[in-house]
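Subject: The structure, and what turned up in it

Hi,

Here is the structure for you to open alongside this note.

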Amino acid sequence: MSLYALLFVLFLAQEPISTDAVLLEAYQYHYNLWIIHALFVLATLLDIVVGYSIGVVLHRRFAENRLMVWLAKWARSVYGKGTYGEYVFLVLWSWVVFPLVTLIAPWLEIPFWKTLVYMFIGDAVFWYGSEWLVVLGVKTVVPDP
């Protein structure tokens with residue numbers, strides 16, 4: 001499996017330790033960083049679109065389920081509908097529990113485009129940025145890891 005394909009799969013799963021190791025490997029062997037960034041963008045957008053679509057289907061199918069109603073009520077209390085809390089919810093929670101938030105967004109009646117934009121920003125800044133901070137930090141502390 002090529003390193004680019006492996007990175008794409010890891011970006012889909014967003015598992016930090018394996019992603020850090022493979023990113024470090026790609027960085028050490030001077031792989032094209034623009035391709036790596038493009039793979040991250042594609043994988044993240046794919047995650048958001050697929051997750052939101054599954055969330056819409058689940059919302060239609062299980063709208064009356066007691067557990068789902070309780071989860072939606074709890075999530076509404078967290079993000080404070082009608083305020084800037086919705087944006088903070090999407091940006092901050094997107095990198096903490098990334099695939100789950102895409103499923104929850106339709107339940108909270110957050111529009112798709114708002115979900116796409118703010119979750120992408122949160123994921124790019126916090127998750128992807130922290131991945132690169134680890135990689136560059138390792139290269140700074142240990143010259144030849």
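One definition before anything else: the bend at a residue is the angle between two fitted axes, one through the seven residues ending there and one through the seven starting there. With that in hand, α7 has a kink of about 30°, centred on alanine 124.

Some ground rules. This is a predicted model, in which local features need pLDDT of at least 70 and side-chain atom pairs count only at pLDDT 80 or more, while totals for chains, interfaces and linings use all residues. Residues are numbered from 1 along each chain as its sequence is written, and side-chain values use heavy atoms, with hydrogens and water left out.

The overall picture

Of the 145 residues, 32% count as buried (buried is under 20% relative accessible area, exposed is over 50%, partly exposed is in between, with a 1.4 Å probe and protein chains only). Among contacts (heavy atoms within 4.5 Å) between residues at least 6 apart in sequence, 77% join residues at least 24 apart.

Helix α7

The 30 residues of α7 should span 44 Å at 1.5 Å a residue, and the end C-alpha atoms are 42 Å apart, which agrees (the expected span is 1.5 Å times one less than the number of residues). Its buried residues include Thr115, Met119, Trp127, Tyr128 and Trp132, and what covers the buried residues of α7 includes α1, α2, α3, α5 and α6. Threonine 115 counts as buried because its relative accessibility is 0%. Leaving aside residues up to four places away in sequence, threonine 115 touches Tyr52, Leu90, Ala105, Ile110 and Phe120.

Helix α2 and its ends

α2 covers residues 16-28, and its 13 residues should span 18 Å, which agrees with the 18 Å between its end C-alpha atoms. The buried residues of α2 are Thr19, Asp20, Val22, Leu23, Leu24 and Ala26, and they pack against α1, α3 and α7.

Both loops flanking this helix hold a residue with positive phi. Glutamine 14, in the loop between α1 and α2, has a phi near 55° and is buried, with a relative accessible area of 9%. Histidine 30, in the loop between α2 and α3, has a phi of about 55° although it is not a glycine, and is exposed at 72% relative accessible area.

The cores

A nonpolar core here is a set of buried Ala, Val, Leu, Ile, Met, Phe, Trp, Tyr and Cys residues joined through side-chain atoms within 4.5 Å. The largest one has 16 residues, of which Leu7, Phe11, Leu23, Ile36, Tyr128 and Trp132 touch the most other members. α1, α2, α3 and α7 are the elements that give two or more residues to this core. A second, separate core of 12 residues includes Ile48, Leu90, Val101 and Ala105.

Cheers

Conventions:
Helices (H or I, at least four residues) and strands (E, at least two) are DSSP runs, numbered from the N terminus.
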